[in-house]
Amino acid sequence: MQDRHAPGDAMSWYFKVLGRYAVFSGRARRTEYCMFTLVTAVVYLALSFADDRVGSDWPSLSYTAVTLLPSLAVTVRRLHDTDRSGWWALIGVIPCAGLIAMLVLTAGEPTPGRNKYGPNPKETPFLTDAVPR
C-alpha cells in the first residue's frame, strides 16, 4: 500500500503515534518519538496562545488530556528501543533533572537488531500496521 505521506513527513509520524495510542509493547524509532514530540509541542504552544485569547485553559488542557496516553506509549516504546524498561519513563516526574534524564535516555542510540522488546523498527517498513486496500 502506498501512503500519501512520505516517512519523513512529521504529520505522518504524528498520526502513526496517535493510531497506536495505547500500544506499550514494541519499539519506536527516534524519528517517530521526536516528530510526535515536536508536533505536540507546537500544537500545545498554539493552544496556549488560544487560551489567552479565550480566557480559559480548556483548549490546552483538553489537548493535554487527549495526547497524554499516546505520549506515554511512544515514550515507553522509545525506551524499549534503547533496551530499557518502560518504567524509566517515571523518571520524567522529577522536576528539571527528570526532564534532562528523559532527554538523554530517549536521544540515545537504539539497540541494533532485535532486542527483548522486538525487532529494530529501522529494519521494518514505515507503515507495518497499515491495512492493504
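Predicted model: local features only at pLDDT ≥ 70, side-chain atom pairs only at ≥ 80, totals over all residues.
**Ground rules.** I number residues from 1 along each chain as its sequence is written, and I leave hydrogens and water out, using heavy atoms for side-chain values. Local features need pLDDT of at least 70 and side-chain atom pairs pLDDT 80 or more, while totals for chains, interfaces and linings use all residues.

**Helix α2.** I took helices as DSSP runs (H or I, at least four residues), numbered from the N terminus. I checked the length of α2, residues 30-54. Its 25 residues should span 36 Å at 1.5 Å a residue, the expected span being 1.5 Å times one less than the number of residues. The end C-alpha atoms lie 35 Å apart, so the two agree. Gly 55 follows α2, with a positive phi near 85 degrees.

**Leu 72.** I found Leu 72 in helix α3. Is Leu 72 buried or partly exposed? At 41% relative accessibility, Leu 72 counts as partly exposed, a class that runs between the buried limit and 50%. Leu 72 touches Phe 24 and Ala 89, leaving aside residues up to four places away in sequence. I also checked Leu 90, 18 residues from Leu 72 along the chain. Their C-alpha atoms are separated by 9.9 Å.

How values were computed: Helix = DSSP H or I, 4+ residues; strand = E, 2+ residues; numbered from the N terminus. Buried < 20%, exposed > 50% of the residue type's maximum accessible area, 1.4 Å probe, protein only. Contact = heavy atoms within 4.5 Å.
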